[in-house]
Amino acid sequence: MQVMVGVLAGLVLLSPVSGPVGASQPETGRPETDGALLPFAPAPMPSDVPPRLQDATMQWPDEPSHLPEDAPNVLIVMLDDVGFGVSEVFGGEVRMPALSRLADEGIEYTGFHTTSICSPTRASLLTGRNHTRVGSGTIAERAVAFDGYTGVIPKNAATMAEVLKQYGYHTAAFGKWHNTPAVETTAIGPKDRWPTGYGFEHFYGFLGGETSQWEPRLTVDTLHVEPPEDDPDYHLTEDLTDQALAWLANYRAFDPDKPFFMYWAPGGAHGPHHVAPQWADRYDGQFDDGWDAYRVRTHQRQLEMGIIPPGTALTPRDDSLQGWDEIPESQRDFQTRLMEIYAGFVEHTDSQVERLLDGMAEMGLRDNTLVIYIVGDNGSSAEGQHGSISELLAQNNIGSSVAQQLEVLDRMGGLDVLGSPQTENMYHAGWAWAGSTPFKGTKLLGAYFGGTRNPMVISWPGHIAPDEQVRHQFHHVVDIAPTLYDILDIPLPDVVNGYPQMPMDGISLAYTFDDADAPGRKHHQFFDNNGSRGLYLDGYFAGTFGPLVPWDTSSAAQRIADWDSAEDVWELYDLRSDFSQARDLAHAQPERLAMMKQRFMDIAEDNKAFPTGAGNWLRVHPEDRVKTRYDHWTFTQTTQRMPEFSAPGVGRQSTRARLRIDTGQGDAEGVLYAIGGAGGGLSVYLDQGRLTYEYNMLLMENTRIHTAALAPGSHDIVITTRIPVPGKAAQVTIEVDGQTAAEGQVPSTVPLAFSASETFDVGRDLGSPVSRHYAERRPFAFGGKIEAFTIELL
């Protein structure tokens with residue numbers, strides 16, 4: 001590669017140079033490079049170097065340092081889908097010992113905010129820019145072709161990992177990434193938008209928005225790997241801690257003079273809620289009186305603890321959200337068990353943070369480590385709707401009753417199955433609302449703090465004095481990167497790796513470290529998520545709910561189709577006296593509201609947030625989902641880990657699959673191809689000679705179409721699936737050796753996706769198994785040969 005030497009605030013960087021190789025030669029014989037040094041060109045010989053070896057002396061130059069003396073290690077921990085009122089540290093009822101310890105050692109924030117959704121928060125955290133400005137207005141899987149919603153973080157918004165690495169930090173990320181375009185996570189890449197392309201020297205985790213905690217879709221750096229198949233005690237969050245501690249051990253052994261930056265962002269407690277029963281059992285009976293009562297208790301504790309200001313009102317439940325007294329007695333055990341599992345999942349996740357901190361202390365790495373613990377990338381998630389054993393139902397806008405879910409659950413083994421690999425359970429939206437106490441919203445709402453206000457704790461031994469007084473200053477996740485640069489005396493970069501940088505949207509919050517009462521310095525912050533939007537401006541907040549009701553996504557398509565953002569009704573709150581957005585001042589101060597609405601429009605336009613509500617596009621146009629440009633594929637028996645968004649749309653679109661297989665002389669069995677996992681998917685497999693096409697419709701329906709047993713030997717198989725309307729019935733025909741061998745209908749299909757991270761695999765079913773029929777034999781590899789395999793879209 002051609003390189004040139006550039007300077008970023010005193011930091012030498014290597015940046016790409018364009019231009020033809022073999023340009024005209026100057027008299028020195030060196031190619032013209034406009035100041036760049038080409039690797040194949042001889043360097044000019046310094047005049048003070050003698051020609052004879054025996055006359056020469058040699059000394060290595062001192063390694064330059066661009067950091068302050070004793071620059072701190074940095075650990076950022078960010079949980080997933082954990083709201084303001086969950087942790088006992090902030091008045092909730094879930095034990096979080098690591099968070100509690102860090103709060104005792106450091107300082108707490110109650111005016112910190114996120115974007116109310118996963119990928120956007122992570123992009124803003126890493127870059128210090130507003131989510132739509134860096135192409136991340138929605139999650140990666142819902143990316144669309146509007147500038148603010150492409151799912152691509154541009155290189156002119158360098159991540160803090162890239163900047164800190166250039167300044168001398170070792171960098172590593174563990175856990176959930178969710179900032180790579182969904183069609184770029186294949187083994188073939190491109191991989192420049194994977195974590196290692198954004199400044200992380202090492203990555204261990206998963207690239208998508210969620211994954212099974214028991215059978216995760218793992219990636220190490222730029223290679224996909226499999227978790228152990230035979231470890232009954234395996235859990236992803238524990239694995240992430242093991243891997244982080246192993247990396248720190250290597251760091252300490254190999255290069256401890258440099259500081260490290262670690263981004264530890266587990267999947268906990270995003271759905272599916274997966275945790276061992278003993279963790280859930282710790283909360284047995286604790287939530288039996290329901291979410292309404294939980295909110296009352298939590299609100300009272302928050303007042304007593306000083307987490308919320310005196311006089312903060314407890315906001316009422318939205319009329320469209322079920323109250324606990326509306327839940328039939330026959331369903332209450334199901335609803336409370338779902339919450340017990342979630343609480344156990346949160347505590348288990350925090351226990352792994354505690355183990356990470358203990359390991360750092362044992363290695364002598366804790367004392368000079370700045371720990372920033374962000375309790376959630378958004379508020380608690382209402383995507384479980386009325387309580388669900390298959391959370392992707394909500395993402396596909398598919399409705400189902402609790403009675404239907406319980407009927408399926410009973411066939412699977414009852415309440416004991418919840419939290420296991422067999423289900424992808426999420427709790428009732430009422431629990432998410434309770435977890436957002438005292439606010440009235442949840443994840444996916446940008447207008448209400450229940451979706452955006454997340455607790456944060458910062459600890460830095462020897463630099464930040466422990467202080468019980470809570471920080472209430474208004475800040476946002478875009479402020480973390482500028483805070484680190486401020487602490488390290490790093491000027492905001494103008495150029496990184498040859499890319500001129502866009503300005504930062506965030507500001508440093510380091511001024512709050514020593515003064516809990518310091519006047520807030522952040523004057524404005526815009527919020528926008530799926531058309532739910534708002535603006536903070538000097539103590540006031542103006543916002544509007546938007547067309548998407550997080551706890552009723554099955555009816556979203558019609559509401560969005562009928563929605564006109566210009567007709568939305570806005571609300572106005574004076575946050576200086578109304579911490580929980582309980583008193584709407586829209587009618588009392590119409591002039592201020594009008595001014596703030598116009599200011600929002602100006603800021604939104606500047607941040608590439610138009611068209612308003614672009615994140616909802618796929619809810620009404622599922623056919624426009626991000627997808628591969630191909631309509632024909634050729635596979636081999638070694639094809640595996642092809643992400644669903646890059647794979648042929650088997651089970652979702654009309655397709656024709658052609659296979660030539662050889663079963664050998666015996667009854668070879670195993671999976672020919674599969675996509676998805678236990679929560680939903682399609683698998684075609686042989687067992688006892690019979691060919692089976694099994695469609696797992698997000699656990700709610702299961703359709704199996706069988707042929708008669710195939711004779712040993714070679715066979716040509718053609719499977720034609722016709723789905724004329726996304727989400728509707730599929731007509732399936734299986735031909736063997738030119739003859740129709742089986743036909744059938746799948747009553748309903750998924751319009752968008754089976755999962756966020758499960759893959760298309762040939763010759764086996766990796767990860768979570770689609771079919772319970774062979775779950776105990778996973779990955780149920782095919783014992784014969786797949787000699788030819790093609791799929792085409794019809």
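Hi everyone, let's start with alanine 604, which sits in helix α14, residues 590-606. Helices here are DSSP runs of H or I with at least four residues, strands are runs of E with at least two, and both are numbered from the N terminus. A word on the source: this is a predicted model, in which local features need pLDDT of at least 70 and side-chain atom pairs count only at pLDDT 80 or more, while totals for chains, interfaces and linings use all residues. Residues are numbered from 1 along each chain as its sequence is written, and side-chain values use heavy atoms, with hydrogens and water left out.

Back to our alanine. Is alanine 604 buried or exposed? Alanine 604 is buried, because its relative accessibility is 0%; buried means under 20% relative accessible area, exposed means over 50%, and partly exposed is in between, with a 1.4 Å probe and protein chains only. Setting aside neighbours within four places in sequence, its contacts are Phe526, Ala609 and Phe610, where contact means heavy atoms within 4.5 Å. From alanine 604 to leucine 691 there are 87 residues along the chain, and their C-alpha atoms are separated by 54 Å.

Now leucine 691 takes us to a sheet. Leucine 691 is in β25, and leucine 686 stands opposite it. Strand β24, residues 680-687, is joined to β25 by 7 bridges, and the two run antiparallel. Two strands count as paired if DSSP finds at least two bridges between them. In general, strands of a sheet pair through backbone hydrogen bonds, either parallel or antiparallel. Here we have an open sheet of 6 strands in the order β21-β30-β23-β24-β25-β26, with antiparallel pairing. Its edge strands are β21, residues 642-643, and β26, each pairing on one side only.

Between β25 (690-697) and β26 (701-709) there is a loop, and leucine 698 is in it. Have a look at its backbone: phi is positive, about 50°, although leucine 698 is not a glycine. Leucine 698 is also buried, at 0% relative accessibility.

Which other residue has a positive phi without being glycine? Glutamine 385 does, with phi near 55°. Glutamine 385 belongs to the loop between β11 (369-374) and α8 (392-395), and it is buried with a relative accessible area of 13%.

While we are on loops, let's go to the one between β10 (260-265) and α5 (277-281), where alanine 269 is found. The peptide bond joining glycine 268 and alanine 269 is cis, with omega about 10°. Proline 272 is found in the loop between β10 and α5 as well, and a cis peptide bond joins it to glycine 271, with omega about -5°.

Next, helix packing. Two packed helices are described by the angle between their axes and the distance between the axes. The axes are lines fitted to C-alpha atoms, for helices over the stretch in contact, and angles run from 0 to 180 degrees between N-to-C directions.

Take α3 (residues 160-167) and α12 (residues 480-487): they pack at an angle of about 15°, with axes 10 Å apart. That makes α3 roughly parallel to α12; angles under 35 degrees count as roughly parallel, over 145 as roughly antiparallel, 65 to 115 as roughly perpendicular and the rest as oblique. Their crossing is left-handed, meaning that the near helix is turned anticlockwise from the far one by less than a right angle, with clockwise giving right-handed. Met160, Val163 and Leu164 of α3 make the contact with Ile480, Ala481, Leu484 and Tyr485 of α12. By type, that contact has 7 nonpolar residues, no polar and no charged. Nonpolar covers Ala, Val, Leu, Ile, Met, Phe, Trp, Tyr, Cys and Pro, charged covers Asp, Glu, Lys and Arg, and the others, Gly among them, are polar.

The other pair is α4 (residues 236-254) with α7 (residues 329-362), packing at about 15° with axes 9 Å apart. These helices are therefore roughly parallel to each other, and α4 passes α7 in a right-handed crossing. The contact residues include Asp242 and Arg252 of α4 and His348 and Arg355 of α7. The contact of α4 with α7 divides into 6 nonpolar, 6 polar and 5 charged residues.

Last stop: threonine 720, in strand β27, residues 714-722. Threonine 720 is buried at 7% relative accessibility. Serine 654 is 66 residues away from threonine 720 in sequence, yet their C-alpha atoms are 7.6 Å apart. Thanks, and happy to discuss!
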